[in-house]
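Hi everyone, thanks for coming. Today I'd like to walk you through one protein model, taking a few spots in turn. Have a look at it first, and then we'll start.

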Amino acid sequence: MRYLLSVLLLAIALPAAAQQVPQSAAQIQLSFAPLVREAAPAVVNIYAKVIRRGRSSPFQDDPFFGRFFDGFGADRPRVQNSLGSGVILSEDGIVVSNQHVVGNATDIRGVLADRREFGAEVLLADAESDLAILKLKGAEELPYLNLRSSDGLEVGELVLAIGNPFGVGQTVSSGIVSGLARSGAAAGAGRGYFIQTDAPINPGNSGGALIDMAGRLIGINTSILTRSGGSNGIGFAIPADLVAAFMAQAQEGRRSFARPWAGIAGQALDAEIAEAFGLDRPGGVVVSQLHDLSPFARAGLRPGDVIVAFDGHPINSPPEMMYRMSVVGLDQMASVRYLRQRRPFETTVTMSIAPDVPPRDDRILARRQVLQGMVVARVNPAVIAEFDLPLDASGVVIVDPDRLGRRVGLQRGDVIETINDRQMAHPDDVARIFSETARRYVVTVLRGDRRIVVQFRV
């Protein structure tokens, strides 16, 4: 009786709009159990097996001696198992999970809460967003979760995280949405735009569900920010709107996620930059560079413009704008509001993939050529997007260095500028010079923001 009186006094002390007075013992004992009972069957445990080949050495784990024994020992296949979670999105067994859970797996199994097991295949996967869409083979009439648009989320909303942490079995943890529009903060394979939650997320929760109090999916748990390896109350989830975009492309038959291309280099405005632009507060993305074929350039934007809103949503960072573009989807129009010399403007931009213009003209170096087997291609917007190259990159990119290229120090994504002081503009230029007789080669490549010189003899 004393406990009931205390609860009633507390309820009366709170504003009526924020708290209702419990009318019965059942209301005092309210729990998440009915919600979990409805949502948990739609969360599956994912077991993935990857077979990797490698050489075993007694020093392979030693930080110093390991490098001296690289390649030592027999080449043996090793089985690597990964454990994670997934969420059923349709009754015929479409499941979303993290790419780092199922990437490169040779055998994937989905185990439901009722212990039924299904083999699974990857329909679409993307390492940058760390999302994968799977299909449970032979599944039908399965429980599934409905998606809720992440744009309506507010900090402070109650949420539940459902997954399989540490492989102990399906587990539920509760918390709140503790932050929105987090970019560049998560520790994991994905990069971009996240929902932050304090609901405990641990290894094995990856790919699991973050749901609201109506049982709708608002995000896919993907990573944590931690120093100890366990949950410290800062977890990150990929918003449901991006999940919907992935599901739509998987249903179209795409095997990889095609994201719209901006063709823009820019940076978020901090207080100092905002003051220089005459703004009263930080916000927006200042355009520092545009590719000639950028859809934003065709829509009239120029370097120095400040993008403040995209598709009706405020923009505060480049990752946030890329997220908004991906959510809008290909071949769709989006409004863009921007400032030019402190004056507001608005235009529309068509979302499209990076154009393969001029043709990339992939070329495999032939047997009689130096570095035979290496694959090179001409740099164009599609190649710039694929390899995350600078917008002003030009020349020839290494698609695959192959064994001989790696041996001399070349890497995938290196842009070949010159070979023996001769400019490389087309894959045929590389093939031609490697067909000539020479005893020494000096190759200048652009690797990220560094210029590197690779020298070798034949």
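This is a predicted model: local features need pLDDT of at least 70, side-chain atom pairs count only at pLDDT 80 or more; totals for chains, interfaces and linings use all residues.

I'll talk about ring pairs, then a helix, and then the surface.

Let's begin with the aromatic rings. How many aromatic pairs does a search of the whole structure find? The search comes up with 6. One of them is Phe246 with Phe257, a stacked pair with 3.9 Å from centre to centre and 5° between the planes. Where do these two sit in the chain? Phe246 belongs to helix 5, residues 240–251, while Phe257 is in the loop between helix 5 and strand 13 (264–268). They are 11 residues apart, and the pair links distant parts of the chain. Are the two buried or exposed? Both Phe246 and Phe257 are buried.

Now please find Tyr441 and Phe456. Their ring centres are 5.5 Å apart and their planes meet at 20°, so this pair counts as stacked too, the cut-off being under 30 degrees. Tyr441 is in strand 24 (residues 440–447) and Phe456 is in strand 25 (residues 450–457), so the pair ties together parts 15 residues apart in sequence. Why do we call Tyr441 buried? Because its relative accessible area is 1%, and buried means under 20%. Phe456, with 10%, is buried as well. There is also a cluster here: ring pairs link Phe434, Tyr441 and Phe456.

Next, the helix. Helix 8 covers residues 318–328, and its buried residues include Glu320, Tyr323, Arg324 and Val328. Here is a handy rule for looking at any helix: an α-helix has 3.6 residues a turn, so residues three or four places apart point the same way. What follows helix 8? That would be Gly329, with a positive phi near 95°.

Finally, let's go to the surface. Which residues gather in a patch of negative charge there? They are Glu91, Asp92, Glu140 and Glu141. Glu91 lies in the loop between strand 2 (75–88) and strand 3 (94–97), and its relative accessibility of 47% makes it partly exposed.

Met213 is in the loop between strand 10 (209–211) and strand 11 (217–224). With a relative accessible area of 35%, Met213 is partly exposed.

Key:
Residues are numbered from 1 along each chain as its sequence is written. Side-chain values use heavy atoms; hydrogens and water are left out. Helices (H or I, at least four residues) and strands (E, at least two) are DSSP runs, numbered from the N terminus. Buried means under 20% relative accessible area, exposed over 50%, partly exposed in between (1.4 Å probe, protein chains only). Patches are made of residues with over 30% relative accessible area and no salt bridge: like charges are joined within 9 Å, nonpolar side chains (Val, Leu, Ile, Met, Phe, Trp, Tyr) within 5 Å. Accessible areas come from the Shrake-Rupley method with a 1.4 Å probe; for residues, only the protein chains shown count as cover. A salt bridge is a side-chain nitrogen of Lys or Arg within 4 Å of a carboxyl oxygen of Asp or Glu. Lys and Arg count as positive and Asp and Glu as negative; His and the chain ends are not counted. The place of a charge is taken as NZ of Lys, CZ of Arg, CG of Asp or CD of Glu. Rings of Phe, Tyr and Trp (its six-membered ring) pair if their centres lie within 6.5 Å; planes under 30 degrees apart count as stacked, over 60 as edge-to-face and the rest as tilted.
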